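Have a look at the model, then try each task before reading on.

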Amino acid sequence: MAAKDIRQVTPEHVAIIMDGNGRWATRRGMPRLYGHRSGARRVREIVKACPDLGVRYLTLYAFSTENWKRSPMEVDGLMTLFRRYIASETQALLDNGVRVRFIGDRTRLDPKLVAMMQELEQTTACNELLHMTIALNYGARDELTRASVRMADAVRAGKLAPQDITDETISGYLDTADLPDPDLVIRTSGENRVSNFLLWQSAYAEYVFTPVLWPDFDAKAFDEILMSFSARERRFGAVAQ
Ligand code: IPE
Ligand code: IPE
Ligand code: MG
């Protein structure tokens, strides 16, 4: 079978827990931020690879609601990196037809960063070759909590009847309201956990855990995982045909 034929089922939406930057740097005797900078460079390669691989939605876990527990130096370094990423990548994202969205709680982020995030969302809003979503100060429990509060407000305001709440209603209140559920969730660095990432949305996602550290995760490693996905059988609770 030709390579093209093998890849019969391409995941439309791939979500990635980009883990292992710190260990990658430590193994080289370098500070953790060196790993984060190398990791950011990988993002460009993976984004560029998506359209040819048939991936239309790419969601990247960049900073969790729990990552504030790290040292102020690391947190500040990451926030600076996010600002630099937006400033330096905007043109390339536009050239590559990428629409960018952010999910997560923005209220705790620096207003300057939030303004840059909004501007990037607006300037790329017409693109549709690849829908990239960056999870920044994102936690699935936090997202569900914020959604619940807004649903309760809607009920109190008489705009939502409790008996009308379905799973679609809940999906519509999440940060990912405009996005399809992920088909495949990849975690790099060998950790076998989901660390509060897209808990509701990944109910039927396939998971792949790879030992490769994020700064080493190249387009070839990505393609190999997509190939292994195409060989899986997804049943969604039904019996195999
Ligand atoms: C992932 O790499 C990036 C973020 C969580 C921001 P880590 O920084 O978690 O790297 P390790 O897991 O310590 O190696
Ligand atoms: C998950 O990685 C968060 C991101 C990749 C942004 P962590 O390194 O923060 O997760 P834990 O601490 O190993 O669960
Ligand atoms: Mg980690």
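The space that ligand 2 takes up is the largest pocket. A pocket here is an open set of points on a 1 Å grid over the protein atoms alone, where a 1.4 Å probe fits and protein lies on both sides within 12 Å along at least five of seven lines; a molecule sits in it if more than half of its atoms lie within 2 Å of its grid points.

Ground rules: this is a predicted model, where local features need pLDDT of at least 70, side-chain atom pairs count only at pLDDT 80 or more, and totals for chains, interfaces and linings use all residues. Residues are numbered from 1 along each chain as its sequence is written, chains are lettered from A and ligands numbered from 1 in the order in which they are written, and side-chain values use heavy atoms, with hydrogens and water left out.

**Exercise 1. Work out what surrounds ligand 2 and which polar side-chain atoms lie by its oxygen atoms.**

Step 1: collect the neighbours, meaning residues with a heavy atom within 4 Å. They include Ile17, Tyr61, Phe63, Asn67 and Arg70.

Step 2: sort the shell by class. You get five nonpolar, two polar and four charged residues, where Ala, Val, Leu, Ile, Met, Phe, Trp, Tyr, Cys and Pro count as nonpolar, Asp, Glu, Lys and Arg as charged, and the others, Gly among them, as polar.

Step 3: look for polar contacts (N or O pairs within 3.5 Å). Ser195 puts a polar side-chain atom 2.6 Å from a ligand 2 oxygen, Arg193 has a side-chain N or O atom at 2.7 Å from one, and for Arg187 the distance is 3.2 Å.

Step 4: check the burial. Ligand 2 exposes 390 Å² when taken alone, and the protein buries 78% of that (Shrake-Rupley areas, 1.4 Å probe).

**Exercise 2. Find the contacts of ligand 1 and the elements that supply its shell.**

Step 1: start with the side chain of Arg70, which has a polar atom 2.7 Å from a ligand 1 oxygen.

Step 2: Polar backbone atoms lie 3.2 Å from a ligand 1 oxygen at Asn21 and 3.3 Å at Gly20.

Step 3: assign elements (helices are DSSP H or I runs of at least four residues, numbered from the N terminus). Two or more shell residues come from each of α2 (21-27), α3 (32-53) and α4 (72-95), and α2 gives the largest share, three residues.

Key: A polar contact is a pair of N or O atoms within 3.5 Å; within protein, one must be able to donate a hydrogen and the other to accept it, and residues adjacent in sequence count only if both atoms are side-chain atoms. On a 1 Å grid over the protein atoms alone, a cavity is a set of points where a 1.4 Å probe fits but cannot get out, and a pocket is an open set with protein on both sides within 12 Å along at least five of seven lines; lining residues have an atom within 4 Å of a point.
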